[in-house]
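Welcome! Below is a friendly walk through one protein model, taken a piece at a time. Have a look at the structure first, and then read on.

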Amino acid sequence: MSENLQNSRRDFLKKGAAAAVGSFFIVPRHVLGKGFIAPSDKLNIAAIGAGGKGQSDIINAYNNGASNVVALCDVDWARAKTAIEKFPNARKFRDFRVMLDQMKSDIDAVTISTPDHFHAYASMACMQMGKHVYVQKPLTHNIAEARMLTKAARKYKVVTQMGNQGSSNPLQQVASKWFDDGKIGTVHTVNIWTNRPVWPQGIPVPTEKPALIDSMSPADWDVWVGPAQWVDYHPLYHPFKWRGWWNFGTGALGDIGCHTIDSAFRILGLSYPTEVECSVGAVFIKDWTPEYIPEGCPPSSHVEIKFPATKKNKSAVKMIWMDGGIRPMHPDLIPANTPISDDGGANGIILTGTKGIMTIGMYGNNPKIYLNNGEVIDTPKLTNDLKLPEYGHQVSWTNACKAGFASKEHKELSSSFDYSGPLTETVLMGNLAIRSYMLRKKNEKGGFDFYGRNKLLWNGEDMKITNFDDANQFVGRTYREGWKVVDA
């Protein structure tokens, strides 16, 4: 590609397509034939994290060749094998910082699909270089990072999307319209639950030091730990099981909350909560002595978060979250032999209003209404002619990247950071309460007092618990030296 063409391409992708819609993307028929996209006008995307969910994120963003995949970065290439085979011409890296340094002029946008603790660090680095970002859920590891990324996306004028793909499900629009049309009245209570964790959680911290797996070097493990506090490799951390440790993950709430809380947050037009309170399940290995594992997420939790009335919903709302397989009982309006959600009751959402209830499944699927008068409104059957995977969530992001910051396509994204940042803050508010619940100090009798088991009052604008200062340590985190997430 010539230097002039490369520069022209960069200017186009950064400034948007407002003046060239319908003409710039498509090469004249006499050159390639009808419908072909000029290679110079495709989005150049890279992946930070190409295994696990990262594999589907980069493949879906690639969209059968509508975008170019120019680079793949993963600290464990064994996990990224499928993506590497899918994109043999993409450059391979183990450290994303090296990738950005060497390919800063060749990358337009990045998918970030790493463990939770790495999201903010990688996202900030990419946005500061003007790269559009698609970041897996939850957006960040803690509330302070979510607020930081939300502001940074506006500052650097990049197109963003969080990976809660159900937000692009057209059935979400159906559920929202039902509510806007007043079908269930004013909502006062929301129940949300999940069967997560489905990984080891609430277990003692591993103390043995097994050998590092063959597919990673010590340098790779150092990058994997990244901003978290240092621990030696253990299979209870990598792969996947990192979710159950606060050092890296965000537990059941972080895993599923951005999918399920999203529906209520969107439908009711919620914003910052005002208070949160929780209780958590205990693990007993010894009689009468619960295990104390502040490093690990609990095996189950019950969290109540309260929100003020909104423009869309003229009542305060109490949101009740349950995980670890604990779930609410059947509402009276749902027949006794009818499951309370679409997957046999494992995960679900119930919005209770003055005229009836609405149930919604995972990813916004199968919304259904049970009215007080006995009427039932079933899920409509929708057709999707495009049949894009994950409701076109990644593709809509790549299209918005091409159109540019503040474009119509950008504003229509279902989970840009302007939306997903506050949503993530709400999800992580539950974790702040859970971690506060486990605070303890020695008492005069030689035992311990759990002094953080309070209702916590939240000032959303200031990101601060106002009635229990010790809880504010969980708004952010302490970063490992050299890995602090900052925005200059």
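Helix H6 covers residues 143–156, and its 14 residues should span 20 Å at 1.5 Å a residue; the end C-alpha atoms are 20 Å apart, which agrees. That expected span is 1.5 Å times one less than the number of residues in the helix. Helices (H or I, at least four residues) and strands (E, at least two) are DSSP runs, numbered from the N terminus.

Before going further, a word on the source: this is a predicted model, in which local features need pLDDT of at least 70 and side-chain atom pairs count only at pLDDT 80 or more, while totals for chains, interfaces and linings use all residues. Residues are numbered from 1 along each chain as its sequence is written, and side-chain values use heavy atoms, with hydrogens and water left out.

**Around helix H6**

At the start of H6, the backbone nitrogen of Ala144 has a side-chain oxygen of Asn142 within 3.4 Å. After the helix comes Lys157, with a positive phi near 55 degrees. The buried residues of H6 are Ile143, Glu145, Ala146, Arg147, Leu149, Thr150, Ala152 and Ala153. Here, buried means under 20% relative accessible area, exposed means over 50%, and partly exposed lies in between (1.4 Å probe, protein chains only). These buried residues pack against helix H5 (119–128), strand E6 (160–162), helix H12 (417–437) and strand E19 (456–459).

Which residues does Glu145 touch? Leaving aside residues up to four places away in sequence, Glu145 touches Ala120, Thr140, Arg477, Tyr479 and Val485, where a contact means heavy atoms within 4.5 Å. The side chains of Glu145 and Tyr479 are joined by a polar contact of 2.7 Å. A polar contact is a pair of N or O atoms within 3.5 Å; within protein, one must be able to donate a hydrogen and the other to accept it, and residues adjacent in sequence count only if both atoms are side-chain atoms. Glu145 and Ile256 are 111 residues apart along the chain, and their C-alpha atoms are separated by 19 Å.

The table places a few residues by their relative accessible area.

| Residue | Relative accessible area | Class |
|---|---|---|
| Glu145 | 1% | buried |
| Cys126 | 0% | buried |
| Cys297 | 1% | buried |
| Ser300 | 17% | buried |
| Ala78 | 52% | exposed |

Ser300 sits in the loop between strand E10 (289–290) and strand E11 (301–307). Its contacts, not counting residues up to four places away in sequence, are Val280, Gly281, Asp323 and Gly324. Ala78 belongs to the loop between E2 and helix H3 (81–86). From Ala78 to Ile48 is 15 Å in space, C-alpha to C-alpha, and 30 residues in sequence.

How many disulfides does the structure hold? It holds zero, a disulfide being a pair of cysteine sulfur atoms within 2.5 Å. The cysteine sulfur closest to that of Cys126 is in Cys73, and at 9.7 Å it is too far for a bond. For Cys297, the closest cysteine sulfur is in Cys278, 12 Å away and also too far for a bond.

**Nonpolar cores**

The largest nonpolar core has 103 residues, and those with the most contacts inside it are Met99, Val190, Trp224, Leu268, Leu351, Met358 and Leu432. H12 gives the most to this core, with 10 residues. A second, separate core of 19 residues includes Ala47, Leu72, Tyr134 and Ala400. A nonpolar core is a set of buried Ala, Val, Leu, Ile, Met, Phe, Trp, Tyr and Cys residues joined through side-chain atoms within 4.5 Å.

**Strands and sheets**

An open sheet is formed by 10 strands in the order E16-E15-E14-E13-E7-E12-E11-E8-E19-E20, with mixed pairing. Strand E16 (376–377) and strand E20 (464–465) stand at the edges with a single partner strand each, so one side of each has no neighbour in the sheet. Two strands pair if DSSP finds at least two bridges between them. Strand E14 (residues 356–360) pairs with strand E15 (residues 368–371) in the antiparallel sense over four bridges, and Met358 stands opposite Ile369 in E15.

Elsewhere, strand E1 (residues 44–48) runs parallel to E2, joined by five bridges. Ala46 has Ala71 in E2 as its bridge partner. Strand E2 (residues 68–73) is largely enclosed by the rest of the structure, because five of its six residues are buried.
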